[in-house]
Amino acid sequence: MTDIALRAGRTPRVRRGALTRGRGLAGLVLVGAVIAAGVLAPLLAPYAPQQQIPGANLLGPSGRHLFGTDEVNRDVFSRVLYGLRIDLGICLVAVPCGALVGGLAGLLASRTAVADVVAQRVFDVLLAFPPIILGIAIAAVTGVGALPVICVVVGAEVPLFGRLVRTSVLKVRELPYVDAAETMGASWPWVLRKHVVPNILDALIVQLAISASGAVFIDSAMNFIGIGVRPPTPSLGGVLAAAMGQLGTNTLYAVGPLLFIVVLVLGFQLIAQALLASRRGDA
Amino acid sequence: MGALLRIANLNVRFPGATAVENVDLELRRDEVLAVVGESGSGKSVTALAVMGLLPRSAAVSGSVVLDGREILGLPEDELRRVRGARIALVFQEPSTALNPVERVGWQIGEVLRAHGVASRRERAARTAGLLEQVGIPPERARDHPHRFSGGQKQRIVLALALAADPDVLIADEPTTALDVTVQAEILGLLRDLRRDRRLAVLLITHNMGVVADLADRVAVMRDGRVLETQDVEGLFSSPRTEYAERLLAAVPRLEAHDRPTRLTKTDEPVFAAENIVVDHPGRPAALDRITLSVAPGEVLGLVGESGSGKTTLGRVAVGRLRAASGTVRLFGRDPAGLGRAELRALRRRIGVVHQDPAASLDPRRTVLDSVTEPLDVHGVGTRAERVARAHALLDQVALRPEHGDRLPRELSGGQRQRVALARALALEPDLLLADEPTSALDVSVQAAVLDLFTELQDRHGFACVFISHDLAVVNRVADRVAVLRDGRLVELGPARDVLTRPSALYTRTLVDSVPVPDPVAQRSRRGPDLEVPA
C-alpha cells in the first residue's frame, strides 16, 4: 500500500500542505515531540527506570526529579520516558496490524455476498464488546502482558477499517470511470490498484490518525487496570495506576504520565482533523 | 403598463469573482420574461438576488424595485413578507423542494399560515382550491410527496408557490428535471396560470424550446451581463448579438435531414438481441421481449423517458448485463458463454462514454493516464507508443498536448467529455456505447461535442448505441432510432421516419411534446385551444 501511496505522487502534496500549517503542524509537533522523547529516553532519562535512589521516597518535583519520585524511590520522569517506549511500540505494531487485517477483510467483504455477511457479523461482534471487557477475556486466556493489549487494539481497529474499506470500495466501484475501465476489459486487480486504492487512500490515512489516538487511549486504560504490561516494567497507564494511591503526596506522579497521554491523543486528533479538513476542501 | 419588477444596475460579487454585472431587467404584469444563458451566465444568481436569498459572502449592489418599492437590502423580517406573498420561487428539482415527511396539504397550509390565514377551515379550503388549479385532485392533499410522480410534484410545488397569491413568479429551470411529455404538461399549466392570475413570470432556462413555447420577451445573459433583450419573435428571427445567433444555431432541431446511410445490410450485426428479457425481482420487467440489432458502422439512437429501459438495454449491448432470457449476440457470440480471456478480447472492441463528465474520469489521474488506460489494460505497444497514441487521440478530439498533464477538475465539462471520447476510442472499438453523452453540457458545448462525435464516427466507422432522452440530439446523430417505453420496444426504424413521421401513437406524443425552438411554429403546433389571448 505504501508503494502505491508513493507512486500516486500528486496526492501527498495536498496532505503535506495540510500538515505544514495550523492544526496539522501543531499536531505533528506534539506527536513528534512525544515520539522523540520516547526514542531518546536512554539519553534523556536521568536514571534507569528500575533504579531505586536511596533516600528519595515520594519526593515532590524538583530540578533533580522532574516529576518527583515514587513510593519505592524511583524517578517518575525516567519511568514515564521508558514507559512511553513500550506504549508507542504497542501502538506501532497494533494499529498497522488492525488496519491491514481490517482493510483486507473489507476488501473481501466487497467482493462476494457471502464474505460480506460473514465479515459484517464478525465486525458487529467485535464492536459489541467494549475493548476493556474484550481485554479481560483475552488476558484470561493469554495471561497479562503486551499481547492482550495488542489484541484488543487490533480487535478495536479491525471493524473500523473493515467498514471503511468496504463502503469506500463499494462507492468507488459504482462510479462511471470504474465502469468504463471494466467495460473495456480491465481486471479487478487493475481496477483496485489504479482506481480504488488511490481514491480511498485519503480516507484511510485520516482513519489511521484517528485510530492511533484511540489506540493510545485503549493501551493506557488496559495498562492502568493491570491487564497490560506487568510491573515493574513501566508503562504510562501502569505508572498512572500506581500514582493513584499517592495523589496527596506527589501530584506530578499522576499528572506526568497523564500529560504524555493527553499530548499524544491530542496530537493525533489534530493531525486527523487537519487531514480531514484539507480533504473536504479538496473535493 | 409600467414595470411591476424593475431590476436596475444589479451587481453581485462573490469573493474572487463577479457573478452579475450591471444587469437591467423589466418585468411587466401578465408577461413572461425568459432569461436564457449557459451555465455560469449569472441567471440563477440574478433570481436569488431578487429574492434576497444569496449567501452572506455575496456583495449585492444596485436596485430591485417591486411595484414602486425598493426591496434590495430590506431587513429580513420585511423581506419575508415580500417572499411568497409578492414574489414566489419555483426550483428545478421537484423531489427536493417538498418535505418528504409531511403531507402535501399540510405543506401548502404552512405557507398560508405563514402569510396570515389563521383559520384551519379556510386553509383547507384554499389548499383544495390551489390543488385543483394545478390539476391535482384535492382529496390527495392527505398524501405524502413520495406518492406523486415527478410531474405531479412539480404541480404541487407550483401550488405551493401560488399559495400566498404572488404577483411575480420566478421559475428557475422549472421543467429541466422532467421528461419531455411531462414538461409539455407543466408548460401548459404555467401558461394557464399566467393567464388566469395575470402573473408576471421570470422564467430562467437554458432550453430554447421552452423559451419559444412560453416567453413573451427574452433576455440573453452571458458571463454575468445581459447581452440583449427583445421580443421572443424578434430574437428567434433576427438576434441582435452574435452570441445569441450562435446560441440559437447550436440548438439541435427535430427536422428531417439527410445523412448518407452507412448501412451495409449484408454484414453480420455487431450486436443482435432477440426477445431478450431483463427483470429485477419484484418489479415490472426492465426489458420486455426486445428484438433489435446494430449493424457495423451504424448509429442506433435509443430514446425513451426515464425508466423506459434504455440504459439497461445499452448495458446488455456492451455485455455488461446478462439477459434473463432471449438470445444476445455480440460480434456473433453469446457473451454469457465466454471464458474470461475471450470476454477480455471481446471487451477490447467496445468503448463507453457516460453521461456525467465530472464522474467519468478518475479525479486522481491525469488526462493522459485516463486516455492511455485502455492501452495499458491490454498491454498495447511500449509506453512511448501508448503516450504517442494518446497524444494523437487528444489531437483528434481537439485538445492540445498540454491538456494531457491536467487533472479532470482543471478541465471544463465539454473538455472532460472530449477526454472520455478519446479514451473510448483508444482501442479503435467496433462498438461504442454513448449513454446521454451530452445531457450535462450547455447547448453550444453540446453542439461542438456532437459535431466532434459525427466527425469521429465518419473517420473511424464504429457502430454506436447512442442513448438520449433528447429527440433532437438523437435526430442529429442516429441512422436508426429505437423508441422504448416501460421496457418495451415501441418503434424501430430509420431516424427520419421515426422522428418526423412517427407511426406509433406514443412516439407521436413524444415528438409533439418537444417544444420547437421557434415561437411562431410552436404557437401553431400548440393549437388554437391553448392560444394565449393577446
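**Questions on a predicted two-chain model**

Ala390(B) has a relative accessibility of 0% and counts as buried. The model is predicted, and the questions below begin with this residue.

Q: In which helix of chain B is Ala390(B) found?
A: Ala390(B) counts as buried, at 0% relative accessibility. The element of chain B in which Ala390(B) is found spans residues 383-396, and this is helix 14.

Q: Which residues does Ala390(B) touch, not counting residues up to four places away in sequence?
A: Contact means heavy atoms within 4.5 Å. With residues up to four places away in sequence left out, Ala390(B) touches Leu368(B), Val371(B) and Thr372(B).

Q: What separation is found between the C-alpha atoms of Ala390(B) and Pro401(B)?
A: Along the chain, Ala390(B) and Pro401(B) are eleven residues apart.

Q: Is helix 11 of chain B largely enclosed or exposed?
A: The buried residues of helix 11 of chain B are Lys310(B), Thr312(B), Leu313(B), Gly314(B), Val316(B) and Ala317(B). Helix 11 covers residues 310-317, and six of its eight residues are buried.

Q: Which residue with a positive phi follows helix 11 of chain B?
A: The phi of this residue is near 75 degrees. The residue that follows helix 11 of chain B with this positive phi is Gly319(B).

Q: Which residues of strand 6 of chain B point the other way from Ile87(B) and Leu89(B)?
A: In a regular strand the side chains alternate between the two faces of the sheet. Strand 6 of chain B covers residues 87-90, and Ile87(B) and Leu89(B) point one way from it. These residues and those that point the other way are all buried. The residues that point the other way are Ala88(B) and Val90(B).

Q: What is the bridge partner of Ile87(B) in strand 7 of chain B?
A: Strand 6 and strand 7 of chain B, the latter covering residues 168-172, pair in the parallel sense over four bridges. Within strand 7, the partner of Ile87(B) is Val168(B).

Q: How many residues apart in sequence are the parts tied together by Arg155(B) and Glu185(B)?
A: The side chains of Arg155(B) and Glu185(B) meet in a salt bridge, with an N to O distance of 3.3 Å. Arg155(B) lies in helix 6 of chain B and Glu185(B) in helix 7, so the pair ties together parts whose separation in sequence is 30 residues.

Q: Is Glu185(B) buried, partly exposed or exposed?
A: Arg155(B), with a relative accessible area of 14%, is buried. The relative accessible area of Glu185(B) is 44%. Buried means under 20% and exposed over 50%, so Glu185(B) is partly exposed.

Q: How far apart in helix 7 of chain B are Asp192(B) and Arg195(B)?
A: Asp192(B) and Arg195(B) form a salt bridge, and their closest N and O atoms are 3.4 Å apart. Asp192(B) counts as partly exposed at 28% relative accessibility, and Arg195(B) is partly exposed at 33%. Both lie in helix 7, about one turn of the helix from each other, or three residues apart.

Q: How many residues apart in helix 16 of chain B are Arg459(B) and Glu455(B)?
A: The side chains of Arg459(B) and Glu455(B) meet in a salt bridge at 3.9 Å, N to O. In helix 16 of chain B, about one helical turn separates them, and their spacing is four residues.

Q: What is the area buried between chain A and chain B?
A: The contact takes 20 residues from chain A and 27 residues from chain B. Carbon and sulfur atoms give 53% of the buried area, which is about 2100 Å².

Q: Which helix of chain A supplies the largest share of the side that touches chain B?
A: Across the interface of chain A and chain B there are four salt bridges. Helix 2, helix 9 and helix 10 of chain A each supply at least two residues of the side that touches chain B. The largest share, seven residues, comes from helix 9.

Q: Which residues are linked with Asp179(A) in a network of salt bridges?
A: Asp179(A) forms a salt bridge with Arg320(B), and their closest N and O atoms are 2.9 Å apart. The network that links Asp179(A) also holds Glu182(A), Arg315(B) and Arg320(B).

Conventions:
Residues numbered from 1 in each chain as written. Chains lettered and ligands numbered in written order. Predicted model: local features only at pLDDT ≥ 70, side-chain atom pairs only at ≥ 80, totals over all residues. Heavy atoms only, no water. Buried < 20%, exposed > 50% of the residue type's maximum accessible area, 1.4 Å probe, protein only. Pairing = 2+ DSSP bridges. Buried area = accessible area lost by both parts, 1.4 Å probe.
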